[in-house]
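Biologist: Please show me the model, and let us ask what stands behind each term that is applied to it.

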Amino acid sequence: MVEFWWSYAWPTLWIVIQILFIVVPLLIVVAYLTYAERKVIGFMQMRMGPNVVGPFGLLQPFADALKLMTKELIIPTGANRVVFLIAPMLTFVLAMVGWAVIPVAEGWVLSDINVGILYLFAISSLGVYGIIMAGWASNSKYPFLGALRSAAQMVSYEVSIGFVIITVLLAVGSLNLTDIVLAQQDVWFFIPLLPMFIVFVVSALAETNRAPFDLPEAEAELVTGYNVEYSAMAFALFFLGEYANMVLMSGMAVILFLGGWLPPLDIAILNWIPGIVWFALKVSAMLFVFLWVRATLPRYRYDQLMRLGWKVFLPASLLWVVVTAGAIVVFDWYPGVVN
């Protein structure tokens with residue numbers, strides 16, 4: 001019995017505890033991201049935003065959660081019930097499991113695998129399945145058209161994100177996310193790879209279906225896209241999944257381009273601040289960009305969206321991969337970390 005506890009039960013329990021330490025704060029962040037978005041957009045439009053439920057409206061996310069949990073879940077008569085219910089769960093779960101390999105501070109990572117960046121790319125690519133399943137299982141033309149539009153958009157911009165990741169890997173020589181952060185001790189990659197940083201941020205907006213690329217939610221054309229037939233907690237899971245994906249993409253941008261948990265300057269007073277604080281501040285700054293863009297820019301037309309992805313970002317990112325690889329070979333800038 002003692003051997004079973006120390007060999008199997010305790011390691012499993014410890015993994016569950018570590019997962020809870022990641023998921024619970026992440027759920028709180030996602031909940032208050034909805035509050036922050038409404039406040040930021042409200043201030044930009046010279047209005048108050050949520051300010052009734054609790055002091056300064058701080059309890060508004062809990063009121064929204066209570067409302068959605070107590071609503072009736074309506075499943076359309078002709079829908080495939082199993083796929084209809086699995087789709088929002090899949091979308092939400094995929095947004096959560098990506099954090100398994102994200103190092104929030106030195107040594108603070110659930111699974112420090114050597115192919116962490118490939119794991120993240122695979123997880124972000126699987127998100128399109130939940131959307132297609134939701135559109136098809138609803139057995140309605142509007143969700144299906146919204147799902148097709150969203151899937152085409154996500155697949156188009158994943159290609160550019162892939163080339164951006166390849167550029168970073170060429171500069172680091174490792175697929176490990178901790179190594180990518182440590183390689184930025186002298187200079188953060190957003191400085192030498194600025195065009196790729198811009199491509200990544202814009203592609204992240206398209207990948208998460210956020211304004212100005214929220215084409216699946218073009219109300220005059222497709223109502224709200226793939227989630228038209230969803231209500232109650234099933235709709236809430238799609239809603240939370242979108243915001244969790246925003247946090248995940250912001251975390252990826254921080255790891256790849258903004259030095260992860262490293263302070264902006266290598267001076268003593270900044271090094272005293274814990275790495276997780278720097279990581280949280282950088283992720284918050286990236287999330288503010290998401291909200292800022294939504295409050296500022298009008299929605300793209302679908303043909304403009306596709307032209308930007310295939311005729312601008314794809315050639316530009318491919319060219320930058322060639323330029324980066326050529327510079328490394330010509331100037332003998334081979335990275336010090338090679339796994």
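Biologist: How many cavities of 30 Å³ or more does a search of the whole structure find?

Modeller: The search finds 1. This is a predicted model, in which local features need pLDDT of at least 70 and side-chain atom pairs count only at pLDDT 80 or more, while totals for chains, interfaces and linings use all residues. Residues are numbered from 1 along each chain as its sequence is written, and side-chain values use heavy atoms, without hydrogens and water.

Biologist: What makes a space a cavity?

Modeller: On a 1 Å grid over the protein atoms alone, a cavity is a set of points where a 1.4 Å probe fits but cannot get out. The largest cavity has a volume of about 220 Å³, a volume being the space filled by probe spheres set on the points.

Biologist: Which residues of the lining lie nearest the centre of the largest cavity?

Modeller: They are Thr91, Met154, Glu207, Thr208 and Asn245, out of 19 lining residues; a lining residue has an atom within 4 Å of a point. Helix α9 (232-257) gives the most to this lining, with 7 residues; helices are DSSP runs (H or I, at least four residues), numbered from the N terminus.

Biologist: Why is Phe279 called buried?

Modeller: Buried means under 20% relative accessible area (1.4 Å probe, protein chains only). Phe279 has 4%, so the residue is buried. Phe279 is placed in helix α11, and its C-alpha atom is separated by 7.2 Å from that of Ala105, 174 residues apart along the chain.

Note on methods:
On a 1 Å grid over the protein atoms alone, a cavity is a set of points where a 1.4 Å probe fits but cannot get out, and a pocket is an open set with protein on both sides within 12 Å along at least five of seven lines; lining residues have an atom within 4 Å of a point. Helices (H or I, at least four residues) and strands (E, at least two) are DSSP runs, numbered from the N terminus. Buried means under 20% relative accessible area, exposed over 50%, partly exposed in between (1.4 Å probe, protein chains only).
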